[in-house]
Amino acid sequence: MKCINTGAWLVCLFLLFSASGCAIRNPKFQPTLASTRGALARGEIEDALAFYESQAQEAEKNAAGSWFPQQYWQLASANYREGSRAAFFGGQLQKSITYGERALQIAEGVRDPIIQLHAISQLIQAYRPVRNFAKAGELLDKGFQLARGISPGTNPRLSWESAFYSDLSLDFMRL
């Protein structure tokens, strides 16, 4: 009797791991700056943009149907942010702004300051080439406010403040 139970357990474990192995995907692109820059270097920026668009829409759909949507909203925001960056690299400035705005809108709903800071930073970069410096300045102020809400002296706060001071210096040089 014990052999049958052990055998049944082994079969169940095998089926479980086999099924989970099929579900694991290893996508070509990740919602990260490094992945987007890699796609640009390989000449695959349009493919990356299409991937980020589809992943963001899928994450939004999953969030709408989930009892615990937080992780899906975070993923949607990250994919819209990288979609914004990919569109920017591909010269599609209006799409870059649209996706950046969507990333920020979702990030504000998630209420995670780090995710909001990532979206704001990308959106500032999207507004500059279209010479909407007023909107970029508003976002810069918002970024500073959020960064000041992070614990003083920590690496994330120092990193974000320095990034925004760098953006501010670009504005001063432009003026």
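Tutor: Take helix 7, where the buried residues are Phe133, Ala136, Gly137, Leu139, Leu140, Gly143, Phe144, Leu146 and Ala147. Bear in mind throughout that this is a predicted model.

Helix 7 runs over residues 133-148, which makes 16 residues. From its first C-alpha to its last, helix 7 reaches 22 Å, close to the 22 Å expected at 1.5 Å a residue.

Now look at the numbering of the buried positions. An α-helix has 3.6 residues a turn, so residues three or four places apart point the same way. Among the buried residues of helix 7 are Phe133, Ala136, Leu140, Gly143 and Ala147, which you can follow along the helix with that spacing in mind. The buried residues of helix 7 pack against helix 5 (93-110), helix 6 and helix 8 (155-174).

Asp141 also lies in helix 7. The C-alpha atom of Asp141 is separated by 8.8 Å from that of Phe164, although the two residues are 23 apart along the chain.

Next, consider Leu139, one of the buried residues of helix 7. Not counting residues up to four places away in sequence, Leu139 touches Leu104, Ile120, Leu123, Ile124 and Tyr127. In general, nonpolar side chains tend to be buried together in soluble globular proteins. Here the largest nonpolar core has 37 residues, and Leu139 is listed with Ile120, Ile124 and Phe164 as having the most contacts inside it. Helix 3 (45-64), helix 4, helix 5, helix 6, helix 7 and helix 8 each give two or more residues to this core. Helix 6 provides the largest share, eight residues.

Helix 6 (113-127), helix 2 (33-42) and helix 4 (70-89) each supply at least two residues of the lining. The largest share, five residues, comes from helix 4. By class, the lining has five nonpolar, five polar and four charged residues.

Helix 4 also holds Arg81. Although arginine is classed as charged, Arg81 counts as buried because its relative accessible area is 11%, which is under 20%. Leaving aside neighbours within four places in sequence, Arg81 is in contact with Pro31, Ala103, His118, Ala119 and Gln122.

Helix 3 has 20 residues and reaches 29 Å from its first C-alpha to its last, close to the 28 Å expected at 1.5 Å a residue. Its buried residues include Ile45, Leu49, Phe51, Tyr52, Glu53 and Gln55. The buried residues of helix 3 pack against helix 2, helix 4 and helix 5.

Finally, the whole chain has eight helices and zero strands. Buried residues make up 38% of its 175 residues. Among contacts between residues at least 6 apart in sequence, 57% join residues at least 24 apart.

Methods
Residues are numbered from 1 along each chain as its sequence is written. This is a predicted model: local features need pLDDT of at least 70, side-chain atom pairs count only at pLDDT 80 or more; totals for chains, interfaces and linings use all residues. Side-chain values use heavy atoms; hydrogens and water are left out. Helices (H or I, at least four residues) and strands (E, at least two) are DSSP runs, numbered from the N terminus. The expected span of a helix is 1.5 Å times one less than its number of residues. Buried means under 20% relative accessible area, exposed over 50%, partly exposed in between (1.4 Å probe, protein chains only). Contact means heavy atoms within 4.5 Å. A nonpolar core is a set of buried Ala, Val, Leu, Ile, Met, Phe, Trp, Tyr and Cys residues joined through side-chain atoms within 4.5 Å.
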